[in-house]
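Please look over the sequence and the 3D structure below.

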Amino acid sequence: MKSIQQRLLISLLIGLPLLWIMTSSIIAWRLWHEVNEMNDTQITQVARYLIGVAPKEEDDHYENKGQHEDRDEHEHEVTKDKKERPAKIYDLKSDHLSGDLGDAKDDYMGFAIWDKEGRLLMADNNGQSFAFLSDQHGFVEVHDSAYQRLNPFSKHWRLFYIHDEHDSRHKDRVIAVGQNLDSRHEMMVNAMTVQVLPMLIGLLAFIGLVIWLIRRGFMPLTQISAELAQRQPQDDSPIIADVPKEIQPLVSALNVLFVKVAETLEREQRFTADASHELRSPLAALKLQADLLQQQLLKLPDIESHNQLFYHTQEISNGIDRATHLVDQLLILAKIEPQQYLPPEQLIQPDWLALTDIVLSDVNRLAREKHIQLKRTVLCDNPADILPILINPILFKLLLRNLLDNAIRYCPKGALIELQLDVNAIRIIDNGLGVEPDQLARLSERFYRPAGQSQLGSGLGLSIVNRITELHNLSLVFDNRPAPEVGFIVTVSTKKQPARPL
């Protein structure tokens, strides 16, 4: 199951952008619609304004000409004057204007005024290129038939046509007001950018704030997890952390559990130690009685008739030895199993030659009984370079003793057992029968012994070795010797570097 922090972050980091996209889409759609309406309204207002302004332009023309006579009397003269008079073109550049115009362009809007015959009366630089449509009223839409009659220039404009039908002097005059579509779209995009960009920046800032707040909120749990990972099982000290109220009951329950676990482990260790000590005495007494019984049997004159009885006493003695060995191994395992790491004050830089001398001396008697040769080989020029790690000397002696004892017990008579000391590994190599490949992975399991074994053992020796290597952060590898050689190899090496091949 994913962590609560991870689920919250994924949900928020997906949900917030989706919600922002939906909200921004609605805002953009409404803004696009409203800006379109606003621009269309502006076009119609300009058109209405031009209806009222354009007649005054022609009235001023009559006054400037000194025409104070009745218009009906001079209609022919006026008509002739209109035909000869050129259209008025207004050229007003944006750089001639004052005020905050933003990014306004000269081609943003345009207008044109025609008479009913299509003669251009008045226009600006843009409007003089507009198409004249005598029968068009209102906006020209793309789906209208009038759209097909527009010239290429006019198709890039949003055009509105209106007819001056209220002025008898200028009846059927056509007025067109247009807005450049590219400029309109650019303005709408800029308006949406101004609206959406701050929202996007705010979203990113909000997401960053959410991530920071969630991580900060879960920081006490992270600290508790780190503390729990380093805590010894026997440690019953309470966790002291500033956690949210919702987590405080869990912390309190953990503190109570620590006390119970520490007390349980202490009782278990005390029971194991007491039981081991108590078992040693009766086992030693039984061993003594079995030895005395064997001696008494040997003194009988007709010993041949008591061979079966002597055999059973010998088996009893072997069973007592096995039980004694098992008690010793259980006591060792009970001492080292609860440990999570070795205290620094127990670690030293070893003298491997001196340490292995002691271990080889301890197992030498058992090796001589089976006529097994023990050999030590140093594979580096300087003994100080041998496996440069800090060790607990007592535990490491036990590790090497168990490995050598195991090799001696399961090798045939006359075998050779070699202890190799290398720069990054220690190996114990024998020329015995080896182990079945499917059993190699189970050798370090508790109480596991390969089938068909007749040697004295409890199935705990290699488990103890494996636990000691874990406490020293070392790697333990069991393998058979490569063909054509036969035998078994145990390699204790550092985890950072692989052991050097043979």
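This is a predicted model: local features need pLDDT of at least 70, side-chain atom pairs count only at pLDDT 80 or more; totals for chains, interfaces and linings use all residues.

Residues are numbered from 1 along each chain as its sequence is written, and side-chain values use heavy atoms, without hydrogens and water.

The structure holds 8 aromatic pairs. Rings of Phe, Tyr and Trp (its six-membered ring) pair if their centres lie within 6.5 Å; planes under 30 degrees apart are stacked, over 60 edge-to-face, and the rest tilted. Trp352 and Phe396 pair edge-to-face, at 5.2 Å centre to centre with 70° between the planes. Both residues, Trp352 and Phe396, are buried (under 20% relative accessible area; exposed is over 50%, partly exposed in between, with a 1.4 Å probe and protein chains only). Elsewhere, ring pairs join Trp114, Phe132 and Tyr161 in a cluster.

The structure has 0 disulfides (pairs of cysteine sulfur atoms within 2.5 Å). Cys380 is buried at 13% relative accessible area. Cys411 is also buried, at 4%.

Most residues other than glycine have a negative phi, and most peptide bonds are trans.

| Residue | Phi | Relative accessibility |
|---|---|---|
| His371 | near 55° | 60%, exposed |
| Leu387 | about 35° | 0%, buried |

A cis peptide bond joins Ala483 and Pro484, with omega about 10°.
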